[in-house]
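Thanks for making the time this morning. I would like to walk through one model, going from its loops to its ring pairs and then to its charged side chains.

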Amino acid sequence: MTNDQISRFECYIKQQRFDAAFDVCTEAIRDDSTDWNAIYLAGICLRFQGDSGGAIGYYQRALQLKQDVAPIWLALGIALQSLHRFPDAINALSTAVRLEPDSYAPHNSLGLTHKLAGDYTSAMQAYEAALQVCANRAYAEVRRQHPGYFHIEQHAESRVLVIDKAYMEAMRQILVTDFDYFNTVKNMVICCTEMGDHSRAAELQDHADTCTPIDADIIGPIQPRK
């Protein structure tokens, strides 16, 4: 897509004129039939207009040209999910997770798809992975904002990363404003309710209502990225 086409596309999307945005994409595709991004964005326009089947066709065309773009697999998975094609959706979303393991949306969408398919165990695992992405994101932000909380100490022949106890409070302050984090907690509440685990559902609902991050032992140990 040319700069002009991108500018017009973005303008139409902001105005929710998805048919006009689609026309820009088809114009770009006529100019260059190998423009995978224009093909992908055409699918996005159709999905916004409620045409999941048409969107899937464009996503698949884009993937024939560019196999390693996680957002295309994510969009494909969401469209397939909307048509209740759960096995295909799970495959597409799992591919998106593999390509971008640090991206929140594929994990959360995978959890929702597993839930809709009736696989609550896999759904909770995907949701926990989504929470872990949020925790890792918060950890990186704490390291950026408070580098003094982290230092290396020599212990015998080993070098050990020592983290100040103020680190956890800084983590919580970031997570408490993270929409993604508590959106997933709410999804977990629904999942637990449908599983019949009302005790855990109530516990998680309390975290969502009070915007209180879940303790690390519930979501798995925080895994700081190097």
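When I speak of helices and strands, I mean DSSP runs numbered from the N terminus, with helices being H or I of at least four residues and strands being E of at least two. What you see is a predicted model, in which local features need pLDDT of at least 70 and side-chain atom pairs count only at pLDDT 80 or more, while totals for chains, interfaces and linings use all residues. Residues are numbered from 1 along each chain as its sequence is written, and side-chain values use heavy atoms, with hydrogens and water left out.

Let me begin with the backbone. Most residues other than glycine have a negative phi. C211, in the loop between α11 (198-210) and α12 (216-219), has a positive phi, near 50 degrees. For accessibility, I call a residue buried under 20% relative accessible area, exposed over 50% and partly exposed in between, using a 1.4 Å probe and protein chains only. By that scale C211 is partly exposed, at 33%. Q16, which sits in the loop between α1 (3-14) and α2 (18-31), also has a positive phi, near 60 degrees, and Q16 is exposed, at 58%.

Now to the rings. Rings of Phe, Tyr and Trp (its six-membered ring) are paired if their centres lie within 6.5 Å, and planes under 30 degrees apart count as stacked, over 60 as edge-to-face and the rest as tilted. Searching the whole structure gives seven aromatic pairs. In one of them, Y139 and F150, the ring centres are 5.6 Å apart and the planes stand at 80 degrees, so this pair is edge-to-face. The pair links distant parts of the chain, since Y139 belongs to helix α8 (residues 120-145) and F150 to strand β1 (residues 150-155), 11 residues apart.

What about charged pairs? A salt bridge here is a side-chain nitrogen of Lys or Arg within 4 Å of a carboxyl oxygen of Asp or Glu, and the structure holds eight of them. One of these is between E194 and K115, whose closest N and O atoms are 3.2 Å apart. E194 lies in helix α10 (residues 179-195) and K115 in helix α7 (residues 104-116), so the pair ties together parts that are 79 residues apart in sequence. E194 is partly exposed, at 41%, whereas K115 is buried, at 11%. R137 and D180 also meet in a salt bridge, at 3.2 Å from N to O, linking helix α8 to helix α10 across 43 residues. D4, R8 and E27 are linked in a network of salt bridges.

I will finish with the cysteines. How many disulfides does the structure hold, if we require a pair of cysteine sulfur atoms within 2.5 Å? It holds zero. For C134, the nearest cysteine sulfur is that of C211, 13 Å away, and C134 itself is buried, at 1%.

Notes. A disulfide is a pair of cysteine sulfur atoms within 2.5 Å.
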